[in-house]
Amino acid sequence: MPPASQGQRVALFVTCLVDLFRPSVGFAAVKLIEQAGFTVEVPEAQTCCGQPAYNSGDRADTQAIARNTIQAFEGYDYIVAPSGSCGGMLHCHYPELLADDPKWAARAVAFAARTYELTQFLVEVAKVKIDAAFPSRVTYHDSCSSLREMGVKTQPRQLLGQVKGVQLSELAETEACCGFGGTFCVKFPDISNKMVERKTADITASGADTLLAGDLGCLMNIAGKLKREGSAVKVRHVAEVLAGMTDQAAIGEAE
């Protein structure tokens, strides 16, 4: 029998940060989804998910972005984002933003129902078997949006459990915010710095040599703080490890 994924099309929501700062995460996501038998496409009309505007109270522009995104991604079986924060915006906030728009409310709900964070999709829909090795002691940071908006907690750990050589050492406060929060770190830099300082101390205490997470915003924030502190801990997006694509320098390191 052909796999259940045969003929099904997945649209990758690349995210701004992945596109501009870490394209390897997007390539890793494509590799993982294609290995599960799906056809992956990247709609050219996609833009930012609208989260910066949404967090700044610009509802009108966020609604316009939501309509454009929904239209760009219609016709696909699934929409997958290698980011819990962007996934949360698409899945949780688009339906609320367009709830009073008779032309878009139902389309927003249907769009949200097909939207997944990457590790969530790999476990719950694709049911992948990971074939990768990463001999390293790692720890995992649960981003706020992945955890609280997308319900992602066990999925990345289940996938990492299949990676040869990985030893997982959990953080004492794995669910605590790293202080990035999109516009939060700009509006409240002192508070943000204290939060990431607490996070890096927790990472050091874990004894891990690599920090993994599913949100590039968190990873860049934490990597920057670790670098300033002179830490030797490496920082990577979990997709790179799951796809066996770890030849590139870790986040925040020179090529």
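Mentor: Lys 153 is partly exposed at 24% relative accessible area, a class lying between buried (under 20%) and exposed (over 50%), with a 1.4 Å probe and protein chains only. Salt bridges with shared partners join Lys 153 to Asp 142, Arg 157, Glu 170 and Glu 175 in one network; a salt bridge is a side-chain nitrogen of Lys or Arg within 4 Å of a carboxyl oxygen of Asp or Glu. The model is predicted: local features need pLDDT of at least 70 and side-chain atom pairs pLDDT 80 or more, whereas totals for chains, interfaces and linings use all residues. Residues are numbered from 1 along each chain as its sequence is written, and side-chain values use heavy atoms, without hydrogens or water.

Helices (H or I, at least four residues) and strands (E, at least two) are DSSP runs, numbered from the N terminus. Glu 175 is partly exposed, at 37%.

Thr 174 also lies in the loop between β6 (164-168) and α10 (184-187), but counts as buried because its relative accessibility is 11%. Its side chain makes a polar contact with that of Arg 157 at 3.2 Å. Such a contact is a pair of N or O atoms within 3.5 Å; within protein, one must be able to donate a hydrogen and the other to accept it, and residues adjacent in sequence count only if both atoms are side-chain atoms. A polar atom of the Thr 174 side chain also lies 3.0 Å from the backbone oxygen of Tyr 140. Beyond neighbours within four places in sequence, the contacts of Thr 174 (heavy atoms within 4.5 Å) include His 141, Asp 142, Lys 153, Lys 199 and Asp 202.

The axes of α11 (189-206) and α12 (216-229) come within 10 Å and cross at roughly 75 degrees. That makes the helices roughly perpendicular, a class covering 65 to 115 degrees.

Definitions and conventions. Axes fitted to C-alpha atoms, helices over the stretch in contact; angles between N-to-C directions. Parallel < 35°, antiparallel > 145°, perpendicular 65-115°, else oblique.
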